[in-house]
Amino acid sequence: MPTPLPSTSISEVSDSKTIALQMEKVSVYYGSNLAVKDVYLEIPEHEIVAFIGPSGCGKSTILRCFNRMNDLIPSARVDGRILFDGEEITGKRVDPVELRRRVGMVFQKPNPFPKSIYDNITFGARINGYQGNYDELVERSLRGAALWDEVKDKLQESGLGLSGGQQQRLCIARAIAIEPEVILMDEPCSALDPISTIKVEELMHELKERYTIVIVTHNMQQASRVSDRTAFFNAVATDQGGKMGYLVEYNHTQDIFSNPKEEYTRDYVSGRFG
Amino acid sequence: MKTDVSSRVVDKGQKQSHFTANLGSRYTIDRIFKYAAWGATGVSILILVWLLVTIVADGIGTLNWNFITSFPSRRAENAGIIAALVGTVWVMCLVALFTVPLGVGAGIFLEEFAEDNWFTRLVEINIGNLAGVPSIIYGLLGLAVFARIMQPITGGRSVLSGSLTLSLLILPVVIVSTREALRAIPNSLRLAGYALGATRWQVIWSHVLPAAVPGILTGVILALSRAIGETAPLIAVGAAVFISFLPEGLQSQFTAMPIQIYNWVGRPQEEFHYIAASGIIVLMAMLLVMNGVAVYLRNHFQKDF
């Protein structure tokens, strides 16, 4: 028996905005477990959209649908329509390798390759057949991630020698080196100290000019600081004893935090649970 | 309300008595374990030193350049180990040539490509079991398959037959250690590669394998160290004990150091026991060189991180 969902409120993006990513009735299963149910979502170009919600509500799972990282989990199955630039990206006809060049990703824990800073940046470009000058690409990407001045004299040194915050910006530089249209960030600051967090947040504001950004965060202050729109996910217990996530409310960040339509949202953003 | 106060004081006293630090006896147990562990280490090192000292004392007198460069002889003072030494080098090179591509390849397949189904689980269980099969069984298999059935190819009781037999023996070890080395690579490294639009092979070749090389090398060298000392399977396959020529090709007859040593130890004359000890010194020196190379390679590859 499908568990009925509590009421939800999803605001549509106004017509004047171009939609970069869109979800229609997306559900994700792990094996026979329904992990996230019936997500409808529209993400406009050049905006930052934050996913917030308690643990286990499926926000990371939904994020990974956009670059099909769920394909790497053998038991995962994604239902529904996911559109990127108006084209469907689910199904066999779309190559996930090609998709991931256009939809980059930054992970929770900084994970630079155990190679030089230079090679970290050029790897993605090399495998995707980059035709231009690699030295310029490295400088451009590192400048784009506000890291150039700190590392320009040690490009041949290991990326693992950098501090945590620098490593995360290296990962962002690595992601933008392959000129994606969207950058997905899965709790990018949760392993960083407050100063590094601020640097990454400032960087996100700059990146917004050129990229669409979707960020998962546990930190509600971060969501309110950086994002234009916020999606609040919640989890309900299922009959089988597991948890099932669903989208409660999606709106402009200001409305989510100061004028939420749903009671769950109000309780969560005011710190009453989660 | 005096009673209240006094009862509170009693309470306080009881609270303190909930814990008895007993530091003295806890530290005593600490010390006992320290000495026990120290003793265990000491005993094993002592046995090893004793073994080395007796071998060196027995063998150093007859260990000279003449011993290393001479062929076996019926007279102990003329006998040398060159045939066995070169035979062992031949066998080791061939075994490495067969097991590295096969074992590492199989390990990569099972760890990175194979889906988790009944077939791969069956393969896994069997590889685990094969690693524990006694070496003489491999010797008999080698005799039947490589020396007899495949005689037109291998030339019978040849270097090639012996090497193939030892390769079978250590393949499971190489496969298992390759898989363990790959499993130790954090998944975040793979995800980083995939997220940049890499295919599975690009992720494995560019990131997973380079990171796993030190672990894989260690496993391969340990497996080869096992192969170098194996005697039983080579005797079963039919390595000769008295050979006065060096192997000229894959189908050539051969002998190996453990067999030569075994043969000398079995002779009644005491002189042969001394040159057996000399042979053991040469074998251990070779083992030491192999392990040294392994440590060097491992450190070299780890520096590149």
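The C-alpha centres of the two domains of chain B, domain 1 and domain 2, lie 33 Å apart. The bounds, which come from an automatic or database domain assignment, are 20-59 for domain 1 and 65-303 for domain 2. Before I go on, a word on the ground rules: this is a predicted model, where local features need pLDDT of at least 70 and side-chain atom pairs count only at pLDDT 80 or more, while totals for chains, interfaces and linings use all residues. Residues are numbered from 1 along each chain as its sequence is written, chains are lettered from A and ligands numbered from 1 in the order in which they are written, and side-chain values use heavy atoms, with hydrogens and water left out.

So how do those two domains meet? On the domain 1 side of chain B, 5 residues are in contact with 6 residues of domain 2 of chain B, contact meaning heavy atoms within 4.5 Å. The area buried between these domains of chain B is about 470 Å², and carbon and sulfur atoms give 80% of that. Buried area here is the accessible area, with a 1.4 Å probe, that two parts lose on being put together, summed over both. Which residues of domain 1 of chain B lose the most area to domain 2? They are B:I55, B:D58 and B:G59, together 79% of what that side buries.

As for pairings, the count between domain 1 and domain 2 of chain B is 0 salt bridges (a side-chain nitrogen of Lys or Arg within 4 Å of a carboxyl oxygen of Asp or Glu). There is 1 residue pair in polar contact between these domains of chain B, both at pLDDT 80 or more. For that term, take a pair of N or O atoms within 3.5 Å; within protein, one must be able to donate a hydrogen and the other to accept it, and residues adjacent in sequence count only if both atoms are side-chain atoms.

Now let's look at chain B as a whole. Chain B has 13 helices and 0 strands, where helices (H or I, at least four residues) and strands (E, at least two) are DSSP runs, numbered from the N terminus. Its radius of gyration is 28 Å, whereas a compact globule of 305 residues would be near 19 Å. That radius is taken over C-alpha atoms, and the globule rule is 2.2 Å times the number of residues to the power 0.38. The C-alpha atoms of chain B fill a box of roughly 110 × 60 × 35 Å along the principal axes.

Over to chain A, which has 10 helices and 11 strands. The radius of gyration of chain A is 19 Å, close to the 19 Å that the rule gives for 274 residues, so chain A is as compact as a globular protein of that length. Its C-alpha trace spans about 60 × 40 × 40 Å along its principal axes.

What about the interface between the chains? Here 17 residues of chain B are in contact with 22 residues of chain A, and the two chains bury about 1,700 Å² between them, 72% of it on carbon and sulfur atoms. Between chain B and chain A we count 0 salt bridges and 3 residue pairs in polar contact, both at pLDDT 80 or more. On the chain B side, α9 (187-195) and α10 (200-229) each supply at least two residues. The largest share, 7 residues, comes from α9(B).

Finally, the whole structure holds 21 salt bridges over all chains. One of them joins A:E24 and A:R81, with the closest N and O atoms 3.1 Å apart. Why is that pair worth a look? A:E24 lies in strand β2 (residues 19-30) of chain A and A:R81 in strand β5 (residues 76-84) of chain A, so the pair ties together parts that are 57 residues apart in sequence.
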